[in-house]
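Good morning, colleagues. Please look at the model on the screen while I go through its main features.

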Amino acid sequence: MDPTEYPWKTLHKAVLLLHTIVLFGSERAIDKAIETYRYIDRLQTYNSALVQRSSLFSTGGTDYGAPVRQAA
C-alpha cells in the first residue's frame, strides 16, 4: 500500500477491505491484516495532492485523500 504506486481510490478500497477482514475474517486472516498496521498508520496523513508519481502526469491541485485518511 504505497501511496506513490497506487491512486487514492485503490488505497481507500484496500483500507476498507482490511477493515472488513478484521471484522468478519477468520483468525488467521485477522492476524495477517493486523500485521499491516504500520502501512495503515502511514495513510492517516495521506495527501493525494502532495504525492509525487513517476509518470508523465503532474500531480497537485485537489486533495482527494480525505476518504483514505478517514478510513485509516
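Predicted model: local features only at pLDDT ≥ 70, side-chain atom pairs only at ≥ 80, totals over all residues.

Let me turn to the overall architecture. The protein has four helices and zero strands, so that its elements, read from the N terminus, run α-α-α-α. Of its 72 residues, 17% are buried. Among contacts with a separation of 6 or more, 54% are made by residues 24 or more positions apart.

I now come to the aromatic rings. The count here is one aromatic pair. Its partners are Trp8 and Tyr64, which are stacked, with 5.8 Å from centre to centre and 15° between the planes. The arrangement counts as stacked because the planes are under 30 degrees apart. The pair links distant parts of the chain: Trp8 belongs to helix 1, residues 8-24, whereas Tyr64 sits in the loop between helix 3 (37-42) and helix 4 (66-71), 56 residues away. Trp8 is partly exposed, at a relative accessible area of 25%, and Tyr64 is also partly exposed, at 45%.

Finally, let us consider Val51. This residue lies in the loop between helix 3 and helix 4. Is Val51 buried or exposed? With a relative accessibility of 8%, Val51 counts as buried, because the cut-off for that class is under 20%. Val51 and Pro3 are 48 residues apart in sequence, yet their C-alpha atoms are 7.0 Å apart in space.

Technical notes: Residues numbered from 1 in each chain as written. Heavy atoms only, no water. Phe/Tyr/Trp six-rings, centres within 6.5 Å; stacked < 30°, edge-to-face > 60°. Helix = DSSP H or I, 4+ residues; strand = E, 2+ residues; numbered from the N terminus. Buried < 20%, exposed > 50% of the residue type's maximum accessible area, 1.4 Å probe, protein only. Contact = heavy atoms within 4.5 Å.
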